[in-house]
Amino acid sequence: MRKLITWWRGILYRLIYAGAETLDPHQAVRINLIEKPEFRDAFEAFDDQDYSKALEIFEDLAEQGDAAAQINVGVLYETSTGVFGSDDVAAQWYRKAAEQGLPEAQFNLAALLAADVMAGQVSIGTNEEEQRLIEAYVWTTLAAAQGHSQASTGVRRLQQHMSPDQVAEAKRRASEWRPTE
């Protein structure tokens with residue numbers, strides 16, 4: 001797995017490695033995937049380390065609107081499992097699932113949005129940074145409201161990097177948010 005450069009990215013991977021320091025990369029990714037009975041073939045392929053086939057199955061279901069399949073595709077892209085990794089593609093899939101109200105996707109999307117800002121890859125004080133932080137706060141707040149175990153800590157961490165006006169804007173957006181159907 002690629003080197004983790006921020007605390008936010010670290011949260012996601014701590015979830016992947018949740019209490020399992022000795023897991024191999026395959027197992028580390030697998031425990032972060034959402035399982036459903038209709039994913040049986042995808043998980044059989046994944047467990048056989050046929051990651052491309054697993055990705056293909058998940059993508060077919062994700063394109064049909066299955067939020068759990070969408071987050072699984074995002075995880076595979078973010079971790080470069082079966083595909084050349086891309087945070088942008090991962091974020092697109094996380095966003096689709098997050099918009100349907102899946103807290104894991106909301107948190108993962110927030111982590112990706114905040115990662116570049118926290119790593120200094122987006123210039124401090126820019127409008128892009130402000131919008132990323134506000135959006136990350138919205139998604140983290142929504143995940144926390146649904147009981148996501150790491151989201152409350154994420155909200156507090158984000159607040160440390162935001163102005164009171166930015167926090168107020170993010171809270172307003174979160175209160176107005178409704179899942180897509």
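**A close look at helix α3**

Modeller: The buried residues of α3 pack against α2 (25-30), α4 (51-63) and α5 (67-78). Contact here means heavy atoms within 4.5 Å, and buried means under 20% relative accessible area, with a 1.4 Å probe and protein chains only. Helices are DSSP runs of H or I, at least four residues long, numbered from the N terminus. Please keep in mind that this is a predicted model: local features need pLDDT of at least 70, side-chain atom pairs count only at pLDDT 80 or more, and totals for chains, interfaces and linings use all residues. Residues are numbered from 1 along each chain as its sequence is written, and side-chain values use heavy atoms, leaving out hydrogens and water.

Within α3, which spans residues 40-47, the buried ones are Ala42, Phe43, Ala45 and Phe46. They lie on the same side of α3, because they cover an arc of only 160° around the axis, taken from the directions from the helix axis to the C-beta atoms. After α3 comes Gln49, which has a positive phi, near 60°.

Thr81 touches Phe46, along with Val29, Tyr51 and Leu76, leaving aside residues up to four places away in sequence. Thr81 sits in the loop between α5 and α6 (87-99), and Thr81 is itself buried, at a relative accessible area of 9%. The Thr81 side chain also makes a polar contact of 2.8 Å with that of Thr79; such a contact is a pair of N or O atoms within 3.5 Å, where, within protein, one must be able to donate a hydrogen and the other to accept it, and residues adjacent in sequence count only if both atoms are side-chain atoms.

Conventions: Buried < 20%, exposed > 50% of the residue type's maximum accessible area, 1.4 Å probe, protein only. Helix = DSSP H or I, 4+ residues; strand = E, 2+ residues; numbered from the N terminus.
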